[in-house]
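Work through the exercises below with the model open. Try each task before reading its solution.

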Amino acid sequence: MEMIYLSRKDVEALNMTMKDVLAAVDNGFRLKGLGKTEMPPKPGIHPRPNAFIHAMPAYVQEVESAGLKWVSGYPSNSNKGLPYITGLLVLNDPDTGIPLAVMDCAWITAMRTGASVGVAAKYLARPDSRTAGILGCGVQARTSLMALVETLPRLKEVCCCDAFPAATRRFIDEMGKLFSKLQFIACAKPADMMQDADVVVTAIPIVVKPSPPLEAGMLKAGGLAISLDYDAAWTSAAMKECDKFCCDDVGQLLATREHGVYFGGIPKKIYADLGELAAGKKKGRANDRERIFAMNMGIAVDDMVTAKVIYERAVNTGAGVRLPL
Ligand SMILES: NC(=O)c1ccc[n+]([C@@H]2O[C@H](COP(=O)([O-])OP(=O)(O)OC[C@H]3O[C@@H](n4cnc5c(N)ncnc54)[C@H](O)[C@@H]3O)[C@@H](O)[C@H]2O)c1
């Protein structure tokens, strides 16, 4: 028996576009909404303050993808010139359980996280959204913008803010080359970024005791807030001010809250998760005035549907290294 090992370079070279990942992730949410996935809430260990290593298993029917992502997030890595998110993903044969592949998961995580932003925007943003606000101009912010460009055809302007102005400048340089028709505005303060934003994505480090910079009254009527950073960026009052509070998985949200560290300030009523919206079980945005919040924690279904496409491409092209089990 042998399996395929795919390094980050191998994964990237398989040329899955954001459009491909969006299609896979939207379908994954649809199957989740139809009850065709198995995904227990992710357990984690926390070897250093504010750091996590999470185990994220899922099985997705129809796509026939089964596996586990073992992913870490270390805010202190940036001081060492290392990435915040690193990890591996194991894909198994659903018929036999035998491991088919082990692959780097940093690219997959970034792309499927961006795609989850695109899916939230598809169901919850005003379709005429023109301005995006981005807080935290790092890896996830880049793929989030890639997905917003695919989902919101009228997007014209991106207001960016990072604690480090140099990070904002790098983001604008890189993303400006990719999307030359967008206008980028560097904002010195989070409040400046919020002025006109129709869709706001936050991707700053998740910390145990946050001081959220985004407060009630900042998200404009008709706006959509998408949090990739738990409750690091938005105050409880800001989340509660929204007309609808959504997430990517209710079970995972409530299980995480039970540990008593995160999500203590979220609203009592969770309107829907993205699975219910993608499966058509609940309606997304109802009018142009609603303020909507999407808490996208990141779920294993997103990883497994993306990894399955990567695996099939590797089989077809001979990419990666074959290793004996
Ligand atoms: N929800 C998901 O699916 C998902 C997936 C992966 C990562 N994440 C989370 O997204 C966040 C960002 O991850 P990343 O890989 O993009 O990290 P990154 O290090 O590439 O980017 C984070 C950026 O935030 C900036 N920053 C730090 N503190 C800030 C503050 N207080 N205000 C403004 N900017 C600040 C940093 O300078 C950096 O540019 C992390 O919290 C990570 O855990 C979520």
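## Exercise 1: the chain as a whole

Of the 325 residues in the protein chain, 54% are buried (under 20% relative accessible area; exposed is over 50%, partly exposed in between; 1.4 Å probe, protein chains only). This is a predicted model: local features need pLDDT of at least 70, side-chain atom pairs count only at pLDDT 80 or more, and totals for chains, interfaces and linings use all residues. Residues are numbered from 1 along each chain as its sequence is written, and side-chain values use heavy atoms, with hydrogens and water left out.

**Task.** Count the secondary structure elements, then judge the chain's overall size.

**Solution.**
1. The protein chain has 10 helices and 16 strands (DSSP runs, H or I of at least four residues and E of at least two, numbered from the N terminus).
2. The radius of gyration is 19 Å, close to the 20 Å from the globule rule for 325 residues, so the protein chain is as compact as a globular protein of that length. The radius is taken over C-alpha atoms, and the rule is 2.2 Å times the number of residues to the power 0.38.
3. Along the principal axes, the C-alpha atoms fill a box of roughly 60 × 40 × 40 Å.

## Exercise 2: the ligand shell

**Task.** Describe the shell around the ligand, by composition and by origin.

**Solution.**
1. The ligand is surrounded by 25 residues (a heavy atom within 4 Å). Arg112, Gln140, Asp162, Ile204 and Asn296 are the closest.
2. Sort the shell: 15 nonpolar, seven polar and three charged. Here Ala, Val, Leu, Ile, Met, Phe, Trp, Tyr, Cys and Pro are nonpolar, Asp, Glu, Lys and Arg charged, and the others, Gly among them, polar.
3. Trace the helices: α3 (106-124) and α4 (139-151) each supply at least two shell residues. The most come from α3, with three.
4. Domain 1 (2-108 + 301-324) and domain 2 (124-298) each give at least three residues; the bounds come from an automatic or database domain assignment.

## Exercise 3: polar pairs

**Task.** Find N or O pairs between protein and ligand.

**Solution.**
1. A polar side-chain atom of Asp162 is 2.6 Å from a ligand oxygen.
2. A side-chain N or O atom of Gln140 is 2.8 Å from an oxygen of the ligand.
3. From Leu228, a backbone N or O atom lies 3.3 Å from a ligand nitrogen.
4. The ligand alone exposes 850 Å², of which the protein buries 83% (Shrake-Rupley, 1.4 Å probe).

## Exercise 4: a backbone check

**Task.** Is Tyr230 buried or exposed?

**Solution.**
1. Tyr230 sits in the loop between β12 (224-227) and α7 (236-240).
2. Its phi is positive, about 55 degrees, although Tyr230 is not a glycine.
3. Tyr230 is buried, at 6% relative accessible area.

Key. Polar contact = N/O pair within 3.5 Å; in protein donor to acceptor, adjacent residues only side chain to side chain.
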